[in-house]
Amino acid sequence: MAEEKSLNFLEEIVETDLKSGKYQSICTRFPPEPNGYLHLGHAKSICLNFGLALKYGGKTNLRFDDTNPITEETEYVESIKDDVRWLGFNWTNEFYASDYFGHLYEFAVALIKKGLAYVDDSTSEEIAMQKGTPTKSGTPNAYRSRSIEENLQLFTEMKEGKYKDGEKVLRAKVDLASTNMHMRDPIIYRIKHAHHHRTGDTWCIYPMYDFAHGQSDAIENITHSICTLEFVPHRELYDWFIANLAIYPSRQYEFARLNVTYTVMSKRKLLQLVNEGDVNGWDDPRMPTISAMRRRGYTAESIRQFCDKIGVAKRENLIDIGLLEFCVREDLNKLAQRRMVISNPLKVVITNYPDGKSEMLPSENNPEDPMSGSRNLPFSRELYIEQDDFMEVPVKKYFRLAPGQMVRLKSAYIIKCNEVIKDTAGNLTELRCTYVPESKSGSDISGLVVKGVIHWVSRPHALEVEMRLYDRLFKVEDLNKIEADFKNYLNKDSLHVIPKVYVEPELANATLEDRFQFIRTGYFCLDKDSTSDKLVFNRTVTLRDMWAKEQKR
RNA sequence: UGUCCUAUGGUGUAAUGGUAACACUGCAGAUUUUGAUUCUGCCUUUCUAGGUUCGAAUCCUAGUAGGACAACCA
């Protein structure tokens, strides 16, 4: 019955720690730097950190890692909070690393007093040089042996603004011969005469990540500090600070970051696309950001499902974008109301339907959800169908409309194509059809059996809207494998706008929250660019299309 | 020519010394007033070589492959 799902390695660690009594309850944190918008990779981390606390009854803090005033902005703070909330998670506390600047400063002083930190006047080039290489150990410089008193004095002066950016740094005195480069006297404080989004001009020295993150974890009593694999070599330093500062022993654990085919998952690269105009902002529906996916029509549930399905482990991975699409389709199929929309119209005249007459035909809103009810569709003598749903010379197994053939108009009548009208250039302009009055949906007594069912809209009743179709942002599967500039692989056709699409009148009532399935086409939602006289719809994802697949062969 | 991490179908993830499984993808079929959904079936897997063991995907050793690390970024 209630089958137990196997645990990922982090859940195992937590369960072990809880069982052994090491912790009574756990505390995790999601620690974004407010220098960009959150993306799908962050969603994985959010689901993990909040998910762990939810599953084992603990707490999760939202902590902004804002130690670099040059790149961080309040706009990003707000977007991050919106995205986490939208994903469905509530943080226990909202904290900022900058809340701890005073605390962190004292930690630095404590280290100096223990003879474990020193002020270095070297340039960054000199420091890099003196660090050696992974295979060659570093060499100490003269500043390394400064007295505690002098270091205290100098560090105070750094804080007081006596020096210019880059003139001096504070370094931890660890081990210049370590095989771990991060242990070779890492810089822990640097001078930046910059305005901070929260602390303003209070500080002109700022702690480095390594001197802020672990200590912030300790201050908040974070039990399990979960980060991505590239921080594995930082762990030794993380533990060194805990030991030498004698603070709360948070533990760092690392998992493999998310990679998805045909896209990039790096804030730096996404920012570049935004800045260089390759996309229209962070929430351009082609972006892998949370805000873009929300705008495109993805549901929070589908993203959570995706994060659950991809699992958590320590090996490099590349997830097929198809899995994400599967997750949205699965969710949207249950909740999206169905609508009839014609994006590539072919006019159909029902010659035996009275001119000027129209009738309202009911159609189910969602066959997957009996509670969703139905709506009425206007039917009349002149209709639009998709050009794809007619073939003058049908291929084998084509069971839509063709000269002399019949199809069912969904929720309406069976029609038969009698005549094909073309313009002088030979282009199809119109189909002349007759309908079978006894074949009305729900009361069909015609006895006819047709294999094909197509969608349609009434020409005089149709609304005109704009439709935006999105394709993958990049043309190659694995962006991590390429050597050249990633922008060389941008898909120039990732956005396709259809300015005039005919939709059933019911869609005039669409709101930003609604999700629709345009029958036989895909899932769509209203875009925020919509105005009262011009609705814009985004395609979230297409429907699976076995016919299209078969056509390719 | 250092240290660390990782290695299971096409892609992910399980199996915790005892018959290698689940999802996605792909393929075939059934149902269908969406060529959708749903349902059924099928394809395909333990990096290599040694060792420990009655028994190894799992433990050990070596190799190979991939990744991370030398920002006053996080």
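## Close-up views of a predicted model

**View 1. Met-467 stands opposite Phe-537 in strand E25.** Strand E21 (residues 463–470) and strand E25 (residues 536–542) run parallel and are joined by 3 bridges. In general, the strands of a sheet pair through backbone hydrogen bonds, either parallel or antiparallel.

This is a predicted model, where local features need pLDDT of at least 70 and side-chain atom pairs count only at pLDDT 80 or more, while totals for chains, interfaces and linings use all residues. Residues are numbered from 1 along each chain as its sequence is written, chains are lettered from A and ligands numbered from 1 in the order in which they are written, and side-chain values use heavy atoms, with hydrogens and water left out.

**View 2. RNA strand B is surrounded by 64 residues.** Among the closest are Glu-12, Arg-338 and Lys-549. A residue is near the strand if one of its heavy atoms lies within 4 Å of it. The surface near RNA strand B has 24 nonpolar, 18 polar and 22 charged residues; Ala, Val, Leu, Ile, Met, Phe, Trp, Tyr, Cys and Pro count as nonpolar, Asp, Glu, Lys and Arg as charged, and the others, Gly among them, as polar. Helix H5 (124–130) and strand E6 (187–191) are among the elements that each supply at least two residues of this surface.

**View 3. Gln-517 reaches a base of RNA strand B.** A polar side-chain atom of Gln-517 lies 2.5 Å from a base nitrogen. Backbone atoms take part too: a polar one of Lys-397 is 3.0 Å from a base nitrogen of the RNA, and a polar one of Ser-122 is 3.3 Å from a base nitrogen.

**View 4. Ser-458 is buried in strand E20 (residues 457–458).** Its relative accessible area is 2%, where buried means under 20%, exposed over 50% and partly exposed in between (1.4 Å probe, protein chains only). The Ser-458 side chain makes polar contacts with the side chains of Ser-380, at 2.8 Å, and His-461, at 2.6 Å. A polar contact is a pair of N or O atoms within 3.5 Å; within protein, one must be able to donate a hydrogen and the other to accept it, and residues adjacent in sequence count only if both atoms are side-chain atoms.

**View 5. Ala-246 and Tyr-262 both have a positive phi without being glycine.** Ala-246, with phi near 55°, sits in the loop between helix H8 (235–245) and strand E9 (251–255) and is exposed at 66% relative accessible area. Tyr-262, at about 65°, is in the loop between E9 and helix H9 (267–275), and counts as buried at 16% relative accessibility.

How values were computed
Helix = DSSP H or I, 4+ residues; strand = E, 2+ residues; numbered from the N terminus. Pairing = 2+ DSSP bridges.
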